[in-house]
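Me: Hey, can you walk me through this one? I'll just ask things as they come up.
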Amino acid sequence: MQENYDVLIVTTAKDYLRLQCNYPRLIQNMPGRRLLFVGNEEVGRLVAESGLGERVGFLAEDDIIPFAAVHGVMQEVLGREDVPRGITGWYYQQFLKMQYHAQCGDAYYLVWDGDTVPCKPFSMFQEESGIPYLDLKHECHEEYFRTLEKLLPGMRKCIEKSFIAEHMLINCEIMRELIRDIQANEQIPGERFYEKVLHAIDPKQLTSNSFSEFETYGTYVAFRHPTAYRLRNWNSFRYAGEFLDPHTLDDEDYEWLGRDFFALSFEKGHTVRPDHRNLFDNKEYQSKLSARRMLEIAQEEFKDSYIEVWE
């Protein structure tokens, strides 16, 4: 199926620079028509200077939702004016992904986390049926669902797995309906959906990331549009940044990693620990072990940490 949609990548200038060396792989492996980076003026300048080609573009974040509007709500909910921009920013980037439906001219758009790099080409539609995928991983943060149940009474976590997979193909009509239903909840203060979301969260929980656009949209689809998507298990290396330096990975590394992973994530603050060096990028080890087996061995030492799971 022809994948005529745009890919939305919300980022900051610092994060853009941190992973810019891997962005040619975005162009090489990402489905869709255009890759649109969303951010402030500095991100726009970086994109313009990147030389990544005509397929890459930029959208000013304030043209989707003004940051000041969301920050003002955050200050109101917390009852203080000295709220760090970073606290608002974590929610703001989710609201941008949701609100983009209003200016999207296609049936779908793909949101893609800016810290994640695809290892190989992939499709977001099932080849046989042409039905889009909702991809699944293994994670559960109960606070996301407490917020969801306040926003959309009667909805709750309904599948064992998680819709948080570092990306999501959004159906514009379903997102429009979801936002309309959130805004129709008269039990929560505010008019715009982002006001409702922030007011639905206990102020004591706001700084601990208590809303997920992915879990909210995926759960809404499961309840209201259960036949609109096919579910697919998505294997990606979420903690790649603790084992691999994105600046030193070569084509052979990506080819080997791509046998087991769709994508690698290099989260902010993750660096390669001394005892993790020369493991996943060791050519000798690669010739003897799969990336999956190597991670399974490494995860035996993980304590209170996210675990990658294969079916």
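Me: Val-38: buried or exposed?
Reply: Val-38 counts as buried, because its relative accessibility is 0%. Buried means under 20% relative accessible area, exposed means over 50%, and partly exposed is in between, using a 1.4 Å probe and protein chains only. Before we go on, this is a predicted model, where local features need pLDDT of at least 70 and side-chain atom pairs count only at pLDDT 80 or more, while totals for chains, interfaces and linings use all residues. Residues are numbered from 1 along each chain as its sequence is written, and side-chain values use heavy atoms, with hydrogens and water left out.

Me: Which way do β2 and β3 run, parallel or antiparallel?
Reply: Parallel: 5 bridges join β2 (residues 35–39) to β3 (residues 56–60). Strands count as paired if DSSP finds at least two bridges between them. Leu-36, for example, stands opposite Gly-57 in β3.

Me: What does the chain pass through on its way from β2 to β3?
Reply: It goes through helix α3 (residues 41–49), and this β-α-β crossover is right-handed. That means that, with the strands pointing away from you, the path from the first strand over the helix to the second runs clockwise.

Me: New topic: pockets. How many residues line the largest pocket?
Reply: The lining has 37 residues, and Gly-89, Trp-90, Gln-93, Asp-115 and Lys-268 lie nearest the centre. The volume of this pocket is about 1200 Å³. The search uses a 1 Å grid over the protein atoms alone: a pocket is an open set of points with protein on both sides within 12 Å along at least five of seven lines, a cavity is a set where a 1.4 Å probe fits but cannot get out, and lining residues have an atom within 4 Å of a point. Points are joined across faces, edges and corners, and a volume is the space filled by probe spheres set on the points.

Me: Which helix gives the largest share of that lining?
Reply: That's α5, with 9 residues. α1 (13–19), α5 and α9 (213–224) each supply at least two.

Me: So what's α5 like? How many residues does it have?
Reply: α5 has 15 residues (85–99) and reaches 20 Å from its first C-alpha to its last, close to the 21 Å expected. The expected span is 1.5 Å times one less than the number of residues.

Me: Where does α5 bend?
Reply: At Tyr-91, by about 25°. The bend is the angle between axes fitted to the seven residues ending there and the seven starting there. Tyr-91 is also among the buried residues of α5, which include Ile-87 and Phe-95.

Me: What's Leu-136's bridge partner in β8?
Reply: Asn-233. β6 and β8 (residues 230–233) pair in the parallel sense over 4 bridges. In β6 (residues 133–136), Leu-134 and Leu-136 point one way, Tyr-133 and Asp-135 the other, and all are buried. In general, side chains in a regular strand alternate between the two faces of the sheet.

Me: In what order do the strands of the open sheet with β10 come?
Reply: The order is β5-β10-β9, with mixed pairing. β5 (116–118) and β9 (236–237) stand at the edges with a single partner strand each, so one side of each has no neighbour in the sheet. β9 and β10 (residues 263–265) run parallel, joined by 2 bridges.

Me: Last one: what's the phi of Asn-209?
Reply: It's positive, about 60°, although Asn-209 is not a glycine. Most residues other than glycine have a negative phi. Asn-209 is in the loop between α8 (193–200) and α9, and counts as partly exposed because its relative accessible area is 27%. Asn-278 also has a positive phi of about 60°, and lies in the loop between β10 and α11 (283–288).
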